[in-house]
Amino acid sequence: MMKVVLISGTAHKGSTYRIGRIVAEKVTSAENISEVFLPRDFGEFCRGCTNCFVKGEDKCPHFEKLRPITELIDAADVVILASPVYVYHCTGQMKALLDHYGYRWMAHRPEEKMFSKQAVVVSTAAGAGVKSALRDMADSCFFWGIPQTYKLGKAVAATDWDSVKPELRDKINAEAGKIAKKIRKREKKVPVGIKTRAFFKIMSLMQKNGWNPADADYWKAKGWTGSKRPWR
């Protein structure tokens, strides 16, 4: 069975969380779903010390606090990032978490496991802002190297799940089912698209003579500055 980690951008189990959970349960069984709630499980802000980039991620002052979430992400087949819209973007606590993984972007030291995962980004708002909130999270998924990211965002015209109109809940449920079906179909054989391949190629050329030894050495050790690729 596939493993899913659901990371919620609030501790509140509102519409966004409920939709994320619906997707997760359509993908796999309950015992294979792990949940993270922000800021309960991680509430630190990046200090901008650049230790993760130039000295190694283990030099981040929040490394140990972040480790349990990192391990859940690495163990998961599917990563679900769920955040309601806060002033046209994802929540500050979701952004704070994603900031801590800047070192894992393809421009630096991407984790090889990411290239075989799938992701879902989920967002809701009473009105506008869903598109930009989804992009906040989808950007990290792409630059982490996750080759398939699905978006599910809705203006629900409500402040809690029970107040969402039944016909809209049915529509959301149907869309969640379609996404889950695609995810299950691609289990263990996630296609890596041309955009990811092209960006990775550009980064591999840059890392041949990279300015940051920590990054350049990592790429060379992986064989990625040559012909080897993490999805092979």
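Two strands pair if DSSP finds at least two bridges between them, and the legends below apply this to a predicted model.

View 1. Strands of a sheet pair through backbone hydrogen bonds, either parallel or antiparallel.

**View 2. The packing of α1 against α6.** Two packed helices are described by the angle between their axes and the distance between the axes. For helix α1 (residues 15–27) and α6, the axes come within 8 Å and cross at roughly 40 degrees, which makes α1 oblique to α6. The crossing in which α1 passes α6 is right-handed. On the α1 side the contact is made by I19, I22, V23, K26 and V27, which meet I172, N173, A176, G177, A180, I183 and R184 of α6. Sorted by class, this contact of α1 with α6 comprises 8 nonpolar, 2 polar and 2 charged residues.

**View 3. The packing of α7 against α8.** The axes of α7 and helix α8 (residues 213–222) come within 9 Å of each other and cross at roughly 115 degrees, and the two helices are therefore roughly perpendicular. Here α7 passes α8 in a left-handed crossing. The residues that meet are F200, M203, S204 and Q207 from α7 and D215, A216, W219 and K220 from α8; by class, the contact of α7 with α8 has 4 nonpolar, 2 polar and 2 charged residues.

**View 4. The loop between β2 and α2.** In the loop between β2 (33–37) and α2 lies P39, which is joined to L38 by a cis peptide bond with omega of about 5 degrees. T50 is also found in the loop between β2 and α2, and although T50 is not a glycine, its phi is positive, at about 65 degrees. With 40% relative accessibility, T50 counts as partly exposed, because partly exposed covers the values between the limit for buried, under 20%, and the limit for exposed, over 50%.

**View 5. The surroundings of H62.** H62 is placed in the loop between α2 (51–54) and α3 (63–75). The relative accessible area of H62 is 3%, so this residue is buried. When neighbours within four places in sequence are left aside, the residues in contact with H62 are F42, E44, F45, R47 and H100.

**View 6. K188 in the loop between α6 and α7.** The loop that holds K188 lies between α6 (166–185) and α7 (194–207). K188 is a residue other than glycine, yet its phi has a positive value near 70 degrees. Its relative accessible area of 71% means that K188 is exposed.

Conventions. Residues are numbered from 1 along each chain as its sequence is written. This is a predicted model: local features need pLDDT of at least 70, side-chain atom pairs count only at pLDDT 80 or more; totals for chains, interfaces and linings use all residues. Side-chain values use heavy atoms; hydrogens and water are left out. Helices (H or I, at least four residues) and strands (E, at least two) are DSSP runs, numbered from the N terminus. Buried means under 20% relative accessible area, exposed over 50%, partly exposed in between (1.4 Å probe, protein chains only). Contact means heavy atoms within 4.5 Å. Axes are lines fitted to C-alpha atoms, for helices over the stretch in contact, and angles run from 0 to 180 degrees between N-to-C directions. Angles under 35 degrees count as roughly parallel, over 145 as roughly antiparallel, 65 to 115 as roughly perpendicular and the rest as oblique. A crossing is left-handed if the near helix is turned anticlockwise from the far one by less than a right angle, and right-handed if clockwise. Ala, Val, Leu, Ile, Met, Phe, Trp, Tyr, Cys and Pro count as nonpolar, Asp, Glu, Lys and Arg as charged, and the others, Gly among them, as polar.
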